[in-house]
Amino acid sequence: ASTLGAAAQQSGRYFGTAIAAGRLGDATYTSIAGREFNMVTAENEMKPDALQPQRGRFNFSSGDQIYNWATQRGMKVRGHTLAWHAQQPDWMRNLGGSSLRQAMIEHINGVMAHYRGKLAAWDVVNEAFEENGSRRQSNLQSTGNDWIEVAFRTARAADPSVKLCYNDYNIENWSYGKTQGVYNLIRDFKSRGVPIDCVGLQTHFTGGSSLPGNFQQTLSSFAALGVDVTLTEVDVTNSSTSQYAGLTQACINVPRCIGITVWGVRDSDSWRASENPLLFDRSGNKKAAYTSVLNVLNGA
Ligand code: G3I
């Protein structure tokens, strides 16, 4: 196959990208994105500050713009993200304890009602762990250690059809504290019947010759708990071809690794643009890393 999406589809997987609403008027951007990908994540437009800028007043305009752009082209959409310590609206940032607990529940219910039945997955909770594997100290954590469980139970009730994911970065190396912290959370949820369907590994890599230790083992270990695994925000500084090929191969090797999303289209679209971490250059040309990924997806 000659595009990332079609090549991934050969094994039943998807290949996605983050989309920014502000770039949908850029014809180079939209022609690449529309051609290459079959899954879309809103880079910022479905985050709490975007969707509920004032308490009780939801604004879905930019999120819907991305949703409509994607689905009109036959692409699916991942929701990102419902509960996160960052990109909270000002009114939420100042809450804590039971009032924040209630606000989180209302946010999940309000957003998920709007997108009910429409999305492939939601990143219900994002980045809730410290590097050492303990819980991140945040205003959400101040509501009680069970806030993650409450978020997932609320989400399941609000939209029983959408896949519910936990998403984080630096959980790619199997022998890392944060990886183990997240692993233990998922294991606990599965053993107690707390609803969770998938784990998103953001996969923001620092270029080099090799992948973080035992990356594939991390994917298969999460999968063995009974959840799907997805690479949700892939970028690699300087677009190391060996790392791009390696992370793609690791996903292909794990049956429950269901798809890969890169965090932007061209290098110039990236949150870390100066590190040229994506698959297309600033002019929209395919980079060597693009070819390395496509070849792995094609089994070449
Ligand atoms: O929209 C405003 C604009 O009005 C203002 O003029 C401008 C001035 O700074 O800022 C604009 O907002 C920026 C927004 O991106 C849209 O471009 C924010 O400042 C900036 O902080 C925000 O950065 C985003 C970042 O999340 C914030 O946490 C990045 O685009 C986005 O790629 C990044 O994505 C995160 C994932 O959600 C979670 N995992 C890590 C990943 C990378 O940080």
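**Aromatic contacts**

Modeller: Ring pairs link a cluster made of Phe58, Phe60, Tyr67, Tyr115 and Trp122. This is a predicted model: local features need pLDDT of at least 70, side-chain atom pairs count only at pLDDT 80 or more, and totals for chains, interfaces and linings use all residues. Residues are numbered from 1 along each chain as its sequence is written, and side-chain values use heavy atoms, with hydrogens and water left out.

Colleague: How many aromatic pairs does a search of the whole structure find?

Modeller: Rings of Phe, Tyr and Trp (its six-membered ring) pair if their centres lie within 6.5 Å; planes under 30 degrees apart are stacked, over 60 edge-to-face, the rest tilted. Searching the whole structure gives 11.

Colleague: How many residues apart in sequence are the parts that Tyr67 and Tyr115 tie together?

Modeller: The two rings form a tilted pair, 6.2 Å centre to centre with 50 degrees between the planes. Tyr67 lies in helix 4 (residues 61-72), and Tyr115 in the loop between helix 6 (97-114) and strand 4 (121-126). Helices (H or I, at least four residues) and strands (E, at least two) are DSSP runs, numbered from the N terminus. The pair therefore ties together parts separated in sequence by 48 residues.

Colleague: Is Tyr115 buried or exposed?

Modeller: Buried means under 20% relative accessible area, exposed over 50%, partly exposed in between (1.4 Å probe, protein chains only). Tyr115 has 1% relative accessibility, so it counts as buried.

Colleague: Which residue lies over the face of Tyr169?

Modeller: A charge sits over a ring if NZ of Lys or CZ of Arg is within 6 Å of the ring centre and within 35 degrees of the ring normal. Here the distance from the ring centre is 3.5 Å, and the residue is Lys178.
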